[in-house]
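Hi,

Here's the structure I said I'd pass on.

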Amino acid sequence: MGDHTSEARRAGRRQFLRTGVLLAGGLALPGLTRRVAAEDKPPIGTYPAGIQGNSVTIGIAVPRTGTYAEQGEDELKGWQLAVEHINGGHPLIREISPKTKKGVLGKELKVVVADSAAKPNDAVQAQQRFITEDKVILMTGSTSSAVAVAMNKLAQREKVLYVTGISGSNDTTGKDCVRYGFRQNFYGETAANAIGPVLLKAYGKGKKAAFMTPDYTYGHTVTKSVNDYLTKNGGWQMVTNQVSPLGAPDYSSYLTNIANSDAEILVNVNWGHDAVLSVQQAKQFGIIPRMKLVIPYQIPFLAKDVTAELTEGVYAATDFWWTLQDKYPLAKMFVEAFEKKYGYKPEWGAENAYMSFALWAEAVENAGTFYPPDVIKSYEAGRKLNSMVGEVYFRKEDHQLVRPVVIVRGKTPKQMRNKEDFWEVTEVVPGGPLMQKPDAFGCKLGDYT
Amino acid sequence: MITWPNFVSQLFNGLALGALLALIASGLTIIYGTLGVLNLAHGAMFMLGGYAGFAAYQASGSFVVAVVAGTLALLVVGLLMERVIVRHFYARPHEDQLLVTFGLAIVFVETVRWLFSSESKTVSPPAALAGITPLGFMMYPTYRLAVVGIVAVALLVLFLVLYRTRLGMIVRAGIEDAMMVDCLGINVDRVFMVVFGIGAMAAGFAGIVNAPIVSLTPEVGEAILVQTFVVVVIGGVGSFPGAVLGGLIAGEIISLTSMVNPGYAYVMLFAAMTLVLMIRPRGLLGAHGRE
């Protein structure tokens, strides 16, 4: 009898346990299915190791020393503001990424930062460390296309997403494009096609131009694109091309050549402190104002560093200038938030940095997962996106953002309404027609996995 | 771009470029020649001279004050650096000397970055030298012309100190045979300190004189250091006349190569150094005393 009782009791307990398990299972079911879905995706790169906790980490390798340091600091501020806005669900981020609430897929963003000194080796080493130690799920940084191209290769090899910082070379989304890399900003070809007509209109056809070109992928592709446009469409002639290494300590010998040429226009493709130095020295040699200076790829802080006397009347192509806030509400929100936090008007490096994170958040939220191949497909879906310069979209064939190029002209010191009012926006050129055919620069994106 | 006017212009520009390199290199070479220490902080001292001058320029608005301040500041830095740090490394292997001066260079650069930020700073030349001078074959910045003269005077002063004073005699004797000088009962310690100070002062003077030409960043000394080493190697390690000759040669190589193909200007500089090392391993005017 006693046995019976205990048997029944045991059965009862078993029944209870069974019900309990079912019940618990039922309650846990929604979570369970989601977890199963996540685990359905095979591990790739830093996924899923990088998304285990409540936060995810982004690796930033940006020049804080060297020729591009000043521009690197501006970029870094743009990324930091974007992270703050994403984590806090700021209205500006929600204009760009409507599905964003706080963080990305509910996870807080953290960043780890290294100084790249604009050197590809330094950048790749730092990011490799971030991948191993911090399991970063996104990488960014570059103020040099040499870095961007090297980072592209690292991203594809390690299967960790990379969004470029400033990178003006055609190659970044051209022959060196990768499946795991995306670029927000304008580049040589779109700069050339945007500023070319402006130059022909302002200076006429058949002009003689001297070029100053930094000796790496950015310099060579920008010079080629600009020169091709001007020779084909305006019959301009390149009378000399002064190629110099990144960080050259002096430009006198290059400028001596230019002074002895019969050039009428000086197209300066140098960037960062190299641009500052070469423009200042061109003035010392009397080349400015004898020749008209053209900046096909705008350098943040150039006007401030060389003073407005040297940039007055100068045409430049750029990604963003703060007075666009008069035309675009999102630009206004950005400029105000940035200035409030950092005490100056953002340059285009900061805008590019901010947008690249905002667009990444948008892509991830739409993918509903951090699984890189799905995020890539989300980028490639070609959704119309809001930006600080109107509607934009990513081109799926080469991962280049189709976005307007802004043409500015330097104000005279008298025209400036405040100490940062260096440039007047003369045109916002729609991006679509500026771009080459997707395969024209030899882009082959590579595999998802 | 090879035209007669351009050739003459580049020849002249090479002279201006070379004069400055000669001055910086002479500081580096007398320190090495006398003390046997290869000072990797020499570029940073060039930079420090520029910034010390810049700070004085900010405070006074006078370029002359800036030059004096930049020069004297580096004399002090040099004396302190020798007394506090470098002195303890004379007896240690070359690698240790390289590492400690390299480390000091980093400290100098980052301290300046901390104080002045990475943004470039401009020092204006005195108003009288700010314009452009027509040379007939080309328009040349007046200040650069003046620098050729200023540097020539500075080199002359260095020459007089080295070849017409008792100190100079000891220094030159030290370059030939340091141990013998020691044996003769000369207070080598004090001589070493003074030499280090003079070398640093030459770099500092060059740094502030060069500032109106290049605009300052904390990295301004790095590229110059590399070129200075090339100059010293071409001219002969430890040789003052070698540094002057090497500087002029380097300036002309950079200038004339960029006339033909600017992309190769620095390549040619290193090619020339390689050539000199193959044919005359001691450099063109290298002293025989030191290894």
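Helix H10 of chain A (residues 287-290) contains A:Pro289, and in this predicted model the peptide bond joining A:Ile288 to A:Pro289 is cis, with omega about 15°. There's another cis bond from A:Tyr47 to A:Pro48, with omega near 0°; A:Pro48 sits in the loop between helix H1 (2-40) and strand S1 (55-62) of chain A. I flag these because most peptide bonds are trans.

Then the phi angles. A:Lys159, not a glycine, has a positive phi of about 60°. You'll find A:Lys159 in the loop between helix H5 (145-158) and strand S4 (161-163) of chain A, and it counts as partly exposed because it has 19 C-beta neighbours inside 10 Å, where buried would take 20 or more. B:Ser215 also has a positive phi, near 60°. B:Ser215 is in the loop between helix H8 (188-214) and H9 of chain B and is buried, with 22 other C-beta atoms within 10 Å.

On to the contact between the chains: 30 residues come from chain A and 29 from chain B. On chain B's side, H1(B) gives the most, with six residues. That side divides into 15 nonpolar, twelve polar and two charged residues.

Last, H11(B). Its buried residues are B:Ala265, B:Tyr266, B:Leu269, B:Ala272, B:Met273 and B:Val276. They cover an arc of only 115° around the axis, so they're on the same side of H11(B). They pack against helix H8 (252-259) of chain A, along with H9 and H10 of chain B. The face turned away from the buried side carries the exposed B:Thr274, B:Leu275, B:Met278 and B:Ile279.

Cheers

Note on methods
Residues are numbered from 1 along each chain as its sequence is written. Chains are lettered from A and ligands numbered from 1 in the order in which they are written. This is a predicted model: local features need pLDDT of at least 70, side-chain atom pairs count only at pLDDT 80 or more; totals for chains, interfaces and linings use all residues. Two residues are in contact if their C-beta atoms, placed from the backbone, lie within 7 Å. Helices (H or I, at least four residues) and strands (E, at least two) are DSSP runs, numbered from the N terminus. Ala, Val, Leu, Ile, Met, Phe, Trp, Tyr, Cys and Pro count as nonpolar, Asp, Glu, Lys and Arg as charged, and the others, Gly among them, as polar. A residue is buried if 20 or more other C-beta atoms lie within 10 Å of its own, exposed if 12 or fewer, and partly exposed in between; C-beta atoms are placed from the backbone. The arc is that of the directions from the helix axis to the C-beta atoms.
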